[in-house]
Amino acid sequence: MNIKHQRKKIMTLVIAVSLLLQSPVEAQANPKDTIEKAGSQIISILKNKSLKKTAKKERISKIFYETFSRQRMAQAALRSNYKKLTDLQKKEFAKLFARFILEFYLDKMELYNNNKLIIREAVEKRKGKIALVKTGITLPNGNIAEIDYSLYNEPSVGWQVYDFEIEGVRMSTTYYSQLASIYKKGKYEGLKKELKRLIKLY
Amino acid sequence: MKFISYFTFFTLLTFPVYSEDEFSDLLSEELEKEPVPEIADPLKPMNEVFFAINEYGFKFILKPVAIVYNFVTPRFVQRGIDNSIYNFHSPIPIANSLFQANLSDAGKETSRLLVNSTIGLAGFIDVADPLLGYKRTNRDTDQTLGKAGFGWGIYGHPPLYGPGSIREVFGVGADTFFKPTTYIFWSSGVISLYYTLGIYAMKNFNSIAMNLELYDNLYRDSFDPYDYVKSAYIQNNLKKTER
């Protein structure tokens with residue numbers, strides 16, 4: 001087999017894998033079902049004692065990327081600064097920021113590893129384009145931790161999470177001012193450097 | 001190596017990018033409805049020094065002590081201590097529920113006090129929650145002042161206290177008048193301040209020990225820990241005032 005042919009094969013494989021990884025997820029019927037399905041799957045993974053930590057992380061990551069929108073989370077956290085980035089920077093930032101949020105999420109999930117998900121309320125707003133799903137997680141001491149999810153009805157994809165609030169503290173609001181300040185000082189390279197630094201700490 | 005470069009390139013290339021405009025408009029409308037809260041922070045340079053002192057105090061004193069405390073104190077005892085202190089300070093939520101004209105919560109907190117003080121072994125066990133379905137309301141004077149329309153004033157981060165505002169200083173001061181310790185120890189001729197501060201320190205230390213992982217993660221959860229704590233304080237406080 002000549003080198004040219006082999007290279008062509010590798011390229012085809014890379015494109016195929018990349019497309020497979022990025023293929024749109026199954027359209028979600030409604031926001032409540034999206035959260036209920038993802039939440040119950042995550043809880044059953046966390047409760048599964050036969051699974052190792054890395055296997056749990058892998059499975060939860062898959063659900064996370066199907067349920068949470070990388071681009072919308074990035075837009076919500078950066079707001080006006082998002083428009084100042086180039087297309088490639090937007091994509092790269094969205095990937096890094098989603099990875100950071102995933103690590104943040106996994107870290108907190110492990111604290112609540114024996115819980116039950118309660119859907120408190122699901123409201124669609126802005127002519128069915130945005131929704132708020134209010135959930136609660138019962139903690140081992142009986143208290144309920146409130147976690148609310150904001151979802152966007154992505155055309156041709158379905159409902160995906162773009163923001164969430166844990167016990168009154170909203171992800172986008174909390175990170176907005178920090179990211180704005182980093183962008184002001186170090187522009188996009190500053191954002192990238194800081195995100196990579198934090199991801200390494202998990 | 002080349003394979004990884006190709007893979008990264010194509011992954012980025014095929015990463016779906018959806019229309020920004022509609023979502024941006026919706027996001028702006030949502031944010032206008034819920035604007036990013038701001039608090040005046042003219043003492044920021046001093047607050048940042050205090051913040052650093054508190055962080056060092058946490059890392060080198062509080063955290064090691066809390067680890068030992070968690071090791072020797074069973075979780076049910078920690079929860080019991082937390083329940084007892086809340087029960088002992090019940091006049092605070094009862095009075096503030098009345099100030100906020102929330103008779104329902106005043107009634108619930110009074111019922112909680114009666115049930116937990118008796119069946120709940122002097123407040124050690126929170127039996128009112130599972131038995132009556134009455135959860136803690138956590139109503140206090142800072143919340144009453146916020147509901148009455150008083151602003152935060154300025155932000156502060158004093159040593160050994162953490163995030164707070166001028167309004168909270170008045171709130172905590174007023175709450176002292178509803179604490180039984182203030183009157184019990186005054187009447188017996190002992191300086192009540194020590195007891196009030198002692199109980200306050202115990203309550204907060206116990207709470208930190210119970211949630212040690214959350215405090216410990218501050219530096220990896222945030223790009224700027226000072227800003228992160230301030231933002232979380234503002235959002236929590238707003239949520240409390242809205243209740």
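Over all chains, a search of the whole structure finds 25 aromatic pairs, where rings of Phe, Tyr and Trp (its six-membered ring) pair if their centres lie within 6.5 Å, and planes under 30 degrees apart count as stacked, over 60 as edge-to-face and the rest as tilted. The model is predicted, so that local features need pLDDT of at least 70 and side-chain atom pairs count only at pLDDT 80 or more, while totals for chains, interfaces and linings use all residues. Residues are numbered from 1 along each chain as its sequence is written, chains are lettered from A in the order in which they are written, and side-chain values use heavy atoms, with hydrogens and water left out.

| Pair | Centre to centre | Angle between planes | Class |
|---|---|---|---|
| Phe64(A) and Phe68(A) | 4.4 Å | 20° | stacked |
| Phe100(A) and Tyr175(A) | 5.4 Å | 80° | edge-to-face |

Because Phe100(A) lies in helix H5 (residues 87-109) of chain A and Tyr175(A) in helix H6 (residues 171-201) of chain A, their pair ties together parts that are 75 residues apart in sequence; helices here are DSSP runs (H or I, at least four residues), as are strands (E, at least two), numbered from the N terminus. Phe100(A) is buried at 0% relative accessibility, and Tyr175(A) is buried at 2%, where buried means under 20% relative accessible area with a 1.4 Å probe and protein chains only.

Arg79(A) lies over the face of Tyr176(A), at 4.6 Å from the ring centre, the criterion being CZ of Arg within 6 Å of the ring centre and within 35 degrees of the ring normal.

Strand E1 (residues 117-125) of chain A runs antiparallel to strand E2 (residues 130-138) of chain A, joined by eight bridges, whereas pairing requires that DSSP finds at least two.

Conventions
Buried < 20%, exposed > 50% of the residue type's maximum accessible area, 1.4 Å probe, protein only.
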